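Please open the structure in a viewer and keep the selection panel at hand. The stops below proceed by selection, each with a description of what is found there.

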Amino acid sequence: MTVGLLVLRRLLFPGTMALAVALAFVTTSRASTAVERVVTPSGIEAWLVREPSVPLIALDFAFRGGANQDPQDRPGVATMTAALLDEGAGDVDAKTYHERLENKAIELGFEADRDHFSGSVRTLVENTDEAFDLLKLALTAPRFDSEAVERIRGQLLSNLRHQATSPNEIANREWWATAFAGHPYGRPVAGTVESVSAISADELRAYTRRVFARDMLKVAIVGNIDAARASEIVERVFAGLPAHAELAPVAAAAPQGLGRRIAINLDVPQSVVVIGGAGIPRKDPDFIAAFIVNHILGGGSFSSRLYREVRETRGLAYSVYSSLVPLSHAALFMGGTATRADRANQTLDVLEKEIRRLAETGPTEEELTKAKSFLKGSFGLRFDTSTKIAAQLVQIQLDDLGIDYIDRRNGLIEAVSLGDVRRVAKRLLDGGLLVTVVGRPQQGLASKSDGG
Amino acid sequence: MTPTLEVRFLSRALRIFAVTLAALAVMTNGKPAQAETSGPNVSHFTLANGLEVVVVPDHRVPVVTHMIWYKIGSADEPPGKSGIAHFLEHLMFKGTAKNPAGRFSQTLATIGGQENAFTSTDYTAFFQRVAREHLPMVMAFEADRMTGLVLSDANVLPERDVVLEEYNMRVANSPEARLGEQMTSALYLNHPYAKPVIGWRHEIEKLTSEDALAFYRRFYTPNNAVVVIAGDVTLEDVKPLAEKTYGAVKRRSEPGLRVRPQEPEPTAIRQVTLADPRVGQPSLQRSYLAPCYQTAKPGEAEALDVLASVLGSGSTSRLYRILVAEQGVATNAGAYYSGASLDPTRFGVFASPQPNVSLPQIEAALDAVLTEIADKGITPEELTRAKTRMVADAVYAQDNQATLARWYGTALTTGSTVESVLGWPDRIRAVSADAVRDAARTWLQKQRSVTGYLVKDWPKNEAPKNPEKHS
C-alpha cells in the first residue's frame, strides 16, 4: 500500500556493482540473446539483440568523457547538460518536446557519471520514428534556452541544498575530494552550489560539442527489429555528430590519503562510513580474481564476510558492502556501512580487521568454489529484460572486452585458482584505506581538522 | 550510498523527494495493470490448503522470479507491537528445524540466486530470482519456512539491532522521513495505517522472539499466502511442483477477515511542521485521505490515477508546468496516488519552493492549481496523454518479469484479482474528463488532508525547550 515506506530486508547497491560486474551472460545460449554487430554506412558500430516477444525497443548509448570533462572551475557541467538535453532542441521548445515524448509514452533519459555521458530510450515499436527523431534532435541541436537553463538550474541547486546536509553525501564527497585532490575525480559530479550557479549556456554547448562525437560512442539496441532497421535507426540518430571528440586529457591517478581516518561532525543518530583504497583496473589480468575476492568480502549476497561479521553476528549495521570501482583513469576498491554513533569505532574496527584477515590469509577453498558458482549462476539475472540487456551491452563495449566476452566470461571465472585469489587478495586489500566518517563525534576518531 | 551514485534525469521522474518518493514509487507499481493484447498468458489456481498460485510465463531467458506474499502487514499488528510484521520478515532468514540458519541463503549464494524480502502495510513478501532449473529447490525451501521457523535469542537480538539500524538509516537520519511519519499519523485518526511500517522506535526496541513467533503462527499459513512465479515456466510445470511443496503444508490457523478500524469522515484541516537544522531545502507535502481500488466506487480509483498523472506526473503535468515553469515559484512539484491497498489510501501532492518563496506562498499557489482543476476539469489533451502513458506502462512492464510478479502479488494481497489486473488498461481507457474533475472535487478537499512543512528553524516562540535527540 501507499502509506508507508516499503521496508526491504537488505539494500542492494546495483549501481556500483554494475560497473564492475556487468559482464556475465546466460549460460544457455538462445537465439533471442545472441548479439549481432551492426555497422552503419557512416561506420558507427552498434550491438543488436533481437527480441521479438515484447513490443518495445530499448536503445542505450554512452560517450566516453563524463564529468571528468567538466571545466576545472565548473564541476556539474556534464550533470547539468544531462538534465537539460530533453528541454528543447532544434525548432522544438521544451514544453513541446516534453509533450511529444508524453504523447507517445516515450521514455528518454540522460545521465553523467565520472567517465561517461550516457542515455537510454524506451519506446513502443509503433513510435520508433518519433522516439529516435527526438533523440537525434537532443544530441545534435540542444537549445539550452535561458528559460529552461534557469529552471533546471533551480532544480539542481535545490538538490544540492538538500544533499548538503546528508551524511551519505558528505561522507562520499569528502572521500573523493581527499582521495583525488587536484584531479577531476576529486570534483563532485553534480557540482557545487557555487559552480552550478555560474554555469552558462555556452559552457553547456561547448561540452556537447567536445564530447558528443562518433569516436567516443558505444551503442546497443534491443527489440523486435532486424539488423537493417537497427542500422537505419543508429545512422539516423548519430551520423550527424562530429567524427572526433575533443576530450581534455585526464591523468591516470591513484587514491591519496590511504591510512587516514577523517571524521566530520554532524548531529545525526547514525554515522555513515565510507572506505576506499586502490583497486585493480578492468583490463588487468588480475581483475577477475579481484572480483571474486570482493564477492567473498562484501559483494552481493547474504553470505559475504562483511555481511556475516558486521550485520548477522553483531547487529552493527543494516547495510554493509564492498565493491570494485574500475574507473577509466583510476582503479578503486570501496565499501561502506552506517551504524549508530557509539558503535562507529567498533564497526570500523570489524571492517578493517576483516579486510586485513582476507588480505593476510586469503579466501578458503570452499569460499572460492561458492563464489565462482554464484558468479557463474547469476549471469542470466543480468539479462532478463530488454532494458538490462541494452545497458549491459554498452558496458561491455565501454570496457572494451569484445563481442565474444559473453561466451568467454564464465571460463575466465572458472580459471581462477586458489593461489590466484590468495595472491590477489593481498594485492587488493593490503594497500591501506582512506576512511571518512560522518556523525556525532566519538573518541578515537580524529576530526577533520586534526586528522593526519 | 554507493560511492558512484549518479544523478539520472528521467524525462518524467522528479527528483527532489527522491528519498520518500522512491519508496512510494515502488508501491505505485502495485497498481493493477497489464497489457491488453499481447500480454503474458497469466493463469492461477488454488491448492486444497488454500494457497493461491499465479503463473506469469516469460520465456525469453531461462530465469524465474519466485515470490511468496503473505496477506499480513503492519496494519495487522496488535497494539503496542508496531514493527513486528517487518521484524518477523527479517527473522524469516534465521533458519528452520529442517534447514538451519543460513542454509537457504548459502544455497542461493552458491547457485547464483538473488533473494530479498519486503514488508508494507498490507503484505509481507519474500522472493528469489534463479535459473529455472532451481525453481523446485526454492519452492521447497520457501514451503519449509512457512511453518518451520526456529528462533533463539542468539540470532533474534542482533537482528533487532539490525532493524534499529535500518530505522536509523531510513527514518532517524532523514528529516523528510520523520515528517512523513508525523503526517501519516495525523492523517489516520483511527486506522492502523497511522503507524509506520517499520514501527515506532520505542516499540521496536521491546519486540521479542515470542512476539514474532506468535505473529508467525497466526498469519504464516498456506491459506493466507499467494505464490507468484514469473519467468520461463508454464502452468503445467508449476502445478505439480506446487502440489508437492506448498501442497504438503497443512493450514495451521484461520487468520480471519482483515477488518481494521476504519476512518471517520475527516472534518478538520491538519497542519504539521517539522524543523531540523539539517533541512537545506524546505518543502511542502500534503496527503488527502482517498479511496483505494478496493473501497472506491467503480471507476473512481481509475479516475484518481488519471488525476494524479495529469496533476503531477512529469514536466507536462499541471503542477510542474504552472508552479515550476510558468510562475517559477517552485523548483519542483508533483502528485501521486497509489490505489493498491486494502483500506482507504492517500492522494499526495508536494512542492519545493524557490529560495525567495515561503511555504505559505507555495501552498497558496498549489491550492490555486488544485482549485482550478476541481472547478474547470482537465483538457482532452491532458486526458489522452495520461491514458497513453498509463496504458504504455502496462506494456513496458511486460519487459520485466519481476515487475509483473510484483503487480500480481500486490493486487492479490490487497483484495484484488488477476482478472481485475488484466482489465485495468481498459478501465483506464474508459475514464472520462468529467470523472477526473469529479474526483478532484470530491477527494481533494482540504479538510480531508494533512499539510506538512519541512523547515530548518522552528517558527518563532515555538522551538521545543528540550530538543529531543532522535536515538
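**Two loop residues in chain A**

Select A:Phe144, which is buried, with 21 other C-beta atoms within 10 Å. A residue counts as buried if 20 or more other C-beta atoms lie within 10 Å of its own, as exposed if 12 or fewer do, and as partly exposed in between, with C-beta atoms placed from the backbone. A:Phe144 sits in the loop between helix H4 (128–140) and helix H5 (146–163) of chain A; helices (H or I, at least four residues) and strands (E, at least two) are DSSP runs numbered from the N terminus. Although A:Phe144 is not a glycine, its phi is positive, at about 50 degrees.

This is a predicted model, in which local features need pLDDT of at least 70 and side-chain atom pairs count only at pLDDT 80 or more, while totals for chains, interfaces and linings use all residues. Residues are numbered from 1 along each chain as its sequence is written, and chains are lettered from A and ligands numbered from 1 in the order in which they are written.

Next, select A:Ala105, in the loop between helix H3 (94–103) and strand E5 (107–112) of chain A. Its phi is near 55 degrees, a positive value in a residue other than glycine. A:Ala105 is buried, with 22 other C-beta atoms within 10 Å.

**The two domains of chain A**

Colour residues 3–238 of chain A as domain 1 and residues 261–450 as domain 2; these bounds come from an automatic or database domain assignment. Taken over C-alpha atoms, the centres of the two domains are separated by 26 Å. Their contact takes 48 residues from domain 1 and 47 residues from domain 2, two residues being in contact if their C-beta atoms, placed from the backbone, lie within 7 Å. On the side of domain 1 that touches domain 2, the largest share, 9 residues, comes from helix H6 (167–179) of chain A. That side of domain 1 has 30 nonpolar, 9 polar and 9 charged residues. Here Ala, Val, Leu, Ile, Met, Phe, Trp, Tyr, Cys and Pro count as nonpolar, Asp, Glu, Lys and Arg as charged, and the others, Gly among them, as polar.

**The largest nonpolar core**

Display A:Ile221, A:Ile292, A:Val293 and B:Val228, the residues with the most contacts inside the largest nonpolar core, which has 281 residues. Such a core is a set of buried Ala, Val, Leu, Ile, Met, Phe, Trp, Tyr and Cys residues joined through C-beta atoms within 7 Å. Helix H10 (residues 287–298) of chain A gives the largest share of this core, 9 residues. Domain 1 and domain 2 of chain A both give residues to the core, so it lies between them.

Which residues surround A:Ile292, leaving aside its neighbours within four places in sequence? A:Ile292 is in contact with A:Leu368, A:Ala371, A:Lys372, A:Leu375, A:Val416 and A:Val421.

Now show H10(A) together with H13(A): their axes come within 10 Å and cross at roughly 105 degrees. Axes are lines fitted to C-alpha atoms, for helices over the stretch in contact, and angles run from 0 to 180 degrees between N-to-C directions. H10(A) is therefore roughly perpendicular to H13(A), given that angles under 35 degrees count as roughly parallel, over 145 as roughly antiparallel, 65 to 115 as roughly perpendicular and the rest as oblique. H10(A) contributes A:Ile292, A:His295 and A:Ile296 to the contact, and H13(A) contributes A:Glu367, A:Leu368, A:Ala371, A:Lys372, A:Phe374 and A:Leu375. These residues divide into 6 nonpolar, 1 polar and 2 charged.

**Across to chain B**

Select A:Gln270 in strand E9 (residues 270–278) of chain A. A:Gln270 is buried, with 29 other C-beta atoms within 10 Å. Not counting residues up to four places away in sequence, A:Gln270 touches residues of chain B, including B:Glu165, B:Asn168 and B:Met169, as well as A:Gly439.

Then select helix H3 (residues 103–111) of chain B, whose buried residues are B:Phe104, B:Ser105, B:Thr107, B:Leu108, B:Ala109 and B:Ile111. They pack against helix H13 (365–377) of chain A together with strand E5 (114–119), strand E6 (124–131) and helix H4 (135–147) of chain B. Just after H3(B), B:Gly112 takes a positive phi of about 85 degrees.

Finish at B:Ala85, in helix H2 (residues 84–91) of chain B.
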